[in-house]
Amino acid sequence: MPLNENVILLDIEGTITSISFVKDTLFPYVSTVLEDYIEKHWNDESFQQDLELLRAQAVIDSNVKGFVPISSGNDNNAKKSVINNVLWQMKYDKKTTALKQLQGHIWKDGYESGLLKGHLYEDVLPVLNKLTDLGKKIYTYSSGSTEAQEYLFQYSMYGDVSSIFLKYFDTKMGPKGSETSYINIANEINVNCSDILFLTDVVAEAEAAVKAGCNSILLARPGNAPLDSEKSSKFRIIKTLDELLKIEYVVPKYI
């Protein structure tokens, strides 16, 4: 039976879906439809909740160099300021909950209309199905909102595959580079950190998971940023999820 951990926690971008799908498809889609989306949904309850988060984030960001403020009110100037703020956050790839929640709602429209199909590497579903058959519990942890994660799997290129995943986690658990986030996830699903194997393409995230007491494996997918040879040498590195099925035990790494 491969792997000693009962829980497989998966990063998404660069791990089970390609970075190019996120950078070249999802992000440009938001930029393209953002103005129309805000005009259409401005008075919707869900967008007003998004707007409340964006304005709260704007207060936090107000001292950041180059900050783009959000105007009060509901006129065209306010709408334009929201658009400009969102584009500013996207330009610098900010991981704020406010931005990620709005992006998720915009992507939902794209998925439901058929304009977007969630990308998954071809090795992902066969391996996750085998791991599930072996009794492993599969979760995700991404900077993208939990809703955005669910839509990606619900409207994937292979159809609705969302049933494979027991739960999705996002930055409400904390930043992915913080060990506390992995402790929070372990507590949320009522397991010990040592029961979790976290797969990611980012060394800093793997280090944080290990500091929390989890184990971690790095993915070196085509198109991913090159791994720092010194820092990544502390971890097992695989190129596809198929290699997980050949692993009998992940030796714990403590940093």
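These legends describe close-up views of a predicted model.

The model is predicted, so local features need pLDDT of at least 70 and side-chain atom pairs count only at pLDDT 80 or more, while totals for chains, interfaces and linings use all residues. Residues are numbered from 1 along each chain as its sequence is written, and side-chain values use heavy atoms, with hydrogens and water left out.

**View 1. Helices H1 and H4 cross at roughly 90°.**
Helix H1 covers residues 19-41, and helix H4 covers residues 97-113. Helices (H or I, at least four residues) and strands (E, at least two) are DSSP runs, numbered from the N terminus. The two axes come within 9 Å. Axes are lines fitted to C-alpha atoms, for helices over the stretch in contact, and angles run from 0 to 180 degrees between N-to-C directions. H1 and H4 are therefore roughly perpendicular. Angles under 35 degrees count as roughly parallel, over 145 as roughly antiparallel, 65 to 115 as roughly perpendicular and the rest as oblique. Contact means heavy atoms within 4.5 Å. On the H1 side the contact residues include Phe21, Phe27, Tyr37 and His41; on the H4 side they include Lys100, Ile106, Trp107 and Tyr111. The residues of this contact divide into 12 nonpolar, 4 polar and 2 charged. Here Ala, Val, Leu, Ile, Met, Phe, Trp, Tyr, Cys and Pro count as nonpolar, Asp, Glu, Lys and Arg as charged, and the others, Gly among them, as polar.

**View 2. Lys100 is buried without a salt bridge.**
Lys100 is found in helix H4. Buried means under 20% relative accessible area, exposed over 50%, and partly exposed in between (1.4 Å probe, protein chains only). A salt bridge is a side-chain nitrogen of Lys or Arg within 4 Å of a carboxyl oxygen of Asp or Glu. For Lys100, the nearest side chain of opposite charge is Asp93, 4.4 Å away. Lys and Arg count as positive and Asp and Glu as negative; His and the chain ends are not counted. Not counting residues up to four places away in sequence, Lys100 touches Phe27, Asp93 and Ser143, among others.

**View 3. Asp93 forms a salt bridge with Lys23.**
The closest N and O atoms are 3.3 Å apart. Asp93 lies in the loop between H3 and H4 and Lys23 in helix H1, so the pair ties together parts that are 70 residues apart in sequence. Asp93 is partly exposed, at 27% relative accessibility. Lys23 is also partly exposed, at 33%. The phi of Asp93 is near 50°, a positive value in a residue other than glycine. Most residues other than glycine have a negative phi.

**View 4. Arg221 forms a salt bridge with Asp123.**
Their closest N and O atoms are 2.8 Å apart. Arg221 sits in the loop between S5 and helix H9 (229-232), and Asp123 in the loop between H4 and helix H5 (124-133). The pair links distant parts of the chain, 98 residues apart. Both residues are buried.

**View 5. Leu218 is buried in strand S5.**
Strand S5 spans residues 215-219. Leu218 has a relative accessible area of 0%. Leu218 and Arg236 are 18 residues apart in sequence and 6.3 Å apart in space, C-alpha to C-alpha. Among the residues that Leu218 touches are Val202, Leu227, Phe235 and Ile237, not counting residues up to four places away in sequence.
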